[in-house]
Amino acid sequence: MAKIPFALDPHGNEIHISEADEGKPRGYYTCPDCGGPLQTRVGDTYQHCFAHYPGVLDERDCSLGTPDAIRKLTEEKRTSDRERTYDQHTIPLGLRVQYGIVQLIGILPTLNWGDLDQGTSPDDILQDISIKGTHIEGSFQRNNFHPNETEATVTLEQGAQEYSIHIQTNGNPALEKLAGKWKAEGVKPGDVFVGDQTRAHRVSGQVKASAGDWVGIVTGDDPNDSRDEVEVYEVGDHYIVGFQYHDEQDILTDYLGEEMVQRERFSADLVLPPRSTPNSEAPQGIIAGEEILVGITPAPETDPEFEIVPFPRDAGDVDQLDALGEGVVRFWGQPFPGSEALQVTVHRPNTDEHQLLQFEPTETVDYPHWESEPRLSMTVKAQDQTHELYPVMGPTELTLPQTVDATEFVDHLEMTSPQNYRFDVLLDLDTSSDHSTVRRQNVTLSEVQPLIKDALKEGAKLLQFKLDGLPNMTISFEAPSPDPDPTTTPDPDDPEPVSPDEKLPDEVVKERIEEMEPIPDKAQWWVIREVFNIPTGMSHPSLHYRAKKQVRKVLSEIHKDRQEGNEA
Amino acid sequence: MSDQPKPRELLATFTGLPPARLPERDDVVRRALVSECIRLGMADIIDEDEGWPEVHNLRLRNWVIRKLQTVIDFERDADDPARETDKDLFRRVLTEGPEPSLEFLGELIELDEGYYSPGPTRAVMSSQSSPVLVSGLPTRSFTDDFTIEIRGTSRHFVDTSQSSIEAAGIATQSIESYVDIEDTQSFDLDWLESFFDGQFDETVQPEHHWNGFDRSASYGLQWSDEEQDVRTFGMFYALFQDFGENRGTRYWLRRKPVEENPTSEFAEVPRRMLKYVCLILDDLGGNTREVIFEQTDEGLIVKADFQPPRPVFRWMAASGGLYDPVGGYLRWILTPDDKAATKQLFDKLPVTITDNT
């Protein structure tokens with residue numbers, strides 16, 4: 001009896017024996033070759049498999065009747081969708097999403113080093129390539145087919161019914177697999193793309209996604225899907241419903257139906273190299289000798305073996321990864337040889353589940369440099385001059401005349417920052433009121449601009465932008481200096497003001513403090529009483545905090561002067 | 001077949017740093033690994049973006065979880081009540097919870113609708129030779145030019161002078177500027193009065209359901225039904241907690257002169273200013289809180305019998321202080337290099353500093 005590893009369900013989906021429901025009635029599972037009913041054989045003592053019911057093969061021919069045929073089937077399953085598509089000269093379609101815009105790409109194979117005679121330069125060979133195509137955007141470089149590239153991509157126009165690329169190779173035998181006409185069907189409702197926003201591929205048949213994959217479903221009409229997790233993009237005349245897939249959501253089944261979704265699939269994630277995108281089938285740049293490490297998580301409650309299959313299939317041997325237990329993560333890795341591009345698929349044997357991994361040799365991996373970072377800045381225009389403030393590098397302060405036009409100032413106030421960047425704003429109003437400071441917290445520039453305008457009209461003398469964790473940006477507004485009146489000169493014999501409501505000149509405060517013995521350490525209440533001649537027992541609720549600040553400031557100056565005097 | 005990598009080995013590979021410059025404790029290593037992975041994910045996702053880079057946290061989360069899900073358990077400790085959070089490790093490292101997060105450190109900027117941007121690169125001059133590196137960029141962006149050490153979520157330059165950092169085009173800033181208290185000499189009565197004037201709101205009417213602030217205690221603030229006026233020079237101050245319906249808790253500071261039939265004034269206390277106000281009222285009311293410095297085998301211990309305000313937490317996070325509350329005290333383990341800077345910061349608060357080192 002041949003042990004068949006998978007069967008077809010009534011929807012035509014391939015069901016691996018590990019996912020089979022043994023309670024299904026006879027006829028639910030059928031043979032992928034002859035269509036005859038299959039029984040599920042599961043138990044503790046023998047290998048789980050599907051098998052023809054006894055006597056069925058007496059009545060019909062089936063190519064899966066022998067172990068050799070099964071082995072052949074297993075081998076066929078090692079060939080990934082991508083490779084089958086290439087074999088049919090069909091262009092695999094992919095897309096990437098950036099800033100809400102979908103870019104459609106076509107993917108073609110590249111030259112293999114193995115196709116070249118020893119000593120032959122790929123650059124010479126590639127001179128024989130010429131390309132024509134329909135509905136293609138941008139130019140197509142011969143170098144795209146260099147064997148150090150894992151794939152050649154081309155941007156496609158959106159909305160076309162069909163794409164075609166004709167590659168002429170001047171009869172060069174090394175380019176044989178590329179030569180000829182390549183085609184792809186245009187994007188149509190019902191198509192599904194799975195992967196990552198940087199690269200998702202069109203898949204066929206039952207959709208298998210892992211938690212964290214990005215999925216895009218093409219619809220003919222605007223789905224008006226307002227779910228938080230869903231973004232709707234336009235592509236040609238169609239729409240794409242895009243979302244990050246996870247096991248507990250229903251978006252995929254809502255659009256495709258339960259039978260078209262296989263919820264639980266293994267995931268193969270690139271742990272190393274460090275900067276590689278973990279779940280993208282797009283090529284990853286890697287330096288010679290750098291470690292590749294892939295973590296493979298089986299679907300829940302399954303414990304399959306896995307295989308690392310060379311791509312293309314005939315490029316080398318298969319690496320086997322043993323079963324380790326239900327749900328136990330397994331790892332595959334090796335140092336990157338460095339001389340040639342590397343393509344493998346992580347494959348669950350006897351299924352169509354493949355995860356393509358592509359690595360392209362590079363001499364350096366560039367990490368972003370701090371000097372390339374965008375810089376937070378504030379642009380201020382006033383009185384026909386433009387000023388820039390930079391909280392990180394400076395300058396952070398600016399002084400403008402108080403006569404600045406409030407409307408012009410606010411209308412031209414700009415911030416280079418992320419959208420909706422929030423900060424605190426402090427405005428110091430030039431009034432005699434106790435409550436001369438206005439603060440607004442966690443605001444955007446556009447939210448606070450009306451307040452700034454009003455404050456400037458009121459005669460604000462200070463505008464401060466307090467950015468979280470960064471130096472403040474401060475704009476001071478100076479009142480014009482009054483013209484000195486030559487007719488009045490201060491009389492040194494005039495009595496000094498004693499009202500605590502008024503601010504004494506600094507020199508008077510200093511004089512009074514210096515009369516104290518010993519000089520006080522702090523601006524304590526008794527010091528303020530002495531300086532302002534406040535009788536004991538009398539409270540002065542109107543005593544402004546500025547007076548206390550003044551005493552503290554003067555005290556600090558006195559201490560500093562004395563300290564410097566001592567050191568001298 | 002390869003073996004499962006150990007988180008510390010993986011951290012060394014991710015950062016390009018030798019093990020000697022990585023943390024030892026397993027939980028700290030896990031946080032450091034997730035932090036670095038978030039920086040790497042940001043760099044990968046925004047690589048070719050135009051304009052000001054922004055990444056949605058769901059996309060970043062998928063990147064990080066797919067990168068590390070085979071190596072660490074993100075749900076571990078998620079239900080640990082001692083950690084005061086039910087969030088997974090990604091959330092805790094990104095933005096939430098009492099432990100240091102990248103957003104709190106300023107390495108990421110949180111924007112509206114779940115988006116994040118990398119924070120600008122700068123060095124916080126905590127000491128002459130080991131300033132804190134604050135940046136949204138991966139560690140490998142710096143390892144060709146500087147010696148870097150990982151201390152949990154935060155990173156430090158090692159044996160690097162301010163002049164060499166500035167010569168390389170990296171801005172430097174003071175601790176005070178980094179923790180957003182550059183304008184404040186000390187948090188005292190003067191500050192309270194100035195603060196009140198700035199926040200004064202003449203439209204506020206007291207409501208009967210407000211609770212009065214009683215005192216600070218080790219892990220929180222105590223409130224009571226009774227008003228607790230603190231008398232200062234000519235003024236009474238009292239703080240109230242207002243559990244309004246359909247909105248978050250608000251806090252109000254009342255000021256009234258010491259005189260017959262006084263008129264009360266009110267000012268709203270934003271949540272981030274609350275702890276300053278409480279510590280000042282504690283101090284004025286004779287309940288001055290204490291911070292203790294001790295040297296033990298674990299390192300320099302800083303203990304506080306109160307919840308310090310945000311700048312202290314931020315500084316502790318940036319310095320790599322291990323948050324390790326025990327026995328009624330909030331407690332951090334610091335490297336001795338950071339003692340002076342830490343004391344300088346506590347000096348600004350109206351608290352008693354006891355140095356038992």
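Five cavities of 30 Å³ or more are present in the structure, which is a predicted model in which local features need pLDDT of at least 70, side-chain atom pairs count only at pLDDT 80 or more, and totals for chains, interfaces and linings use all residues. A cavity is here a set of points, on a 1 Å grid over the protein atoms alone, where a 1.4 Å probe fits but cannot get out; grid points are joined across faces, edges and corners, and a volume is the space filled by probe spheres set on the points. The largest cavity has a volume of about 140 Å³. Its lining comprises 13 residues, of which A:Trp370, A:Glu373, A:Arg375, A:Val392 and B:Thr121 are the closest to its centre, lining residues being those with an atom within 4 Å of a point. By class, eight residues of this lining are nonpolar, two polar and three charged. In this scheme Ala, Val, Leu, Ile, Met, Phe, Trp, Tyr, Cys and Pro count as nonpolar, Asp, Glu, Lys and Arg as charged, and the others, Gly among them, as polar.

Residues are numbered from 1 along each chain as its sequence is written, chains are lettered from A and ligands numbered from 1 in the order in which they are written, and side-chain values use heavy atoms, with hydrogens and water left out. Over all chains, 45 salt bridges were found, a salt bridge being a side-chain nitrogen of Lys or Arg within 4 Å of a carboxyl oxygen of Asp or Glu.

In chain A, A:Asp68 pairs with A:Arg71 in a salt bridge whose closest N and O atoms are 2.4 Å apart. Both residues belong to helix α2 (residues 67-77) and are three residues apart, about one turn of the helix; helices (H or I, at least four residues) and strands (E, at least two) are DSSP runs, numbered from the N terminus. A:Asp68 is exposed, at 52% relative accessible area, and A:Arg71 is likewise exposed, at 53% (buried means under 20%, exposed over 50%, partly exposed in between; 1.4 Å probe, protein chains only).

In chain B, a salt bridge links B:Arg39 to B:Glu107, with 2.7 Å between the closest N and O atoms. B:Arg39 lies in helix α2 (residues 26-45) and B:Glu107 in the loop between α5 (102-105) and β2 (108-110), so the pair ties together parts that are 68 residues apart in sequence. B:Arg39 is buried, at 3% relative accessible area, as is B:Glu107, at 2%.

Key. 1 Å grid on protein atoms, 1.4 Å probe; cavity = no way out; pocket = protein on both sides within 12 Å on 5 of 7 lines; lining within 4 Å.
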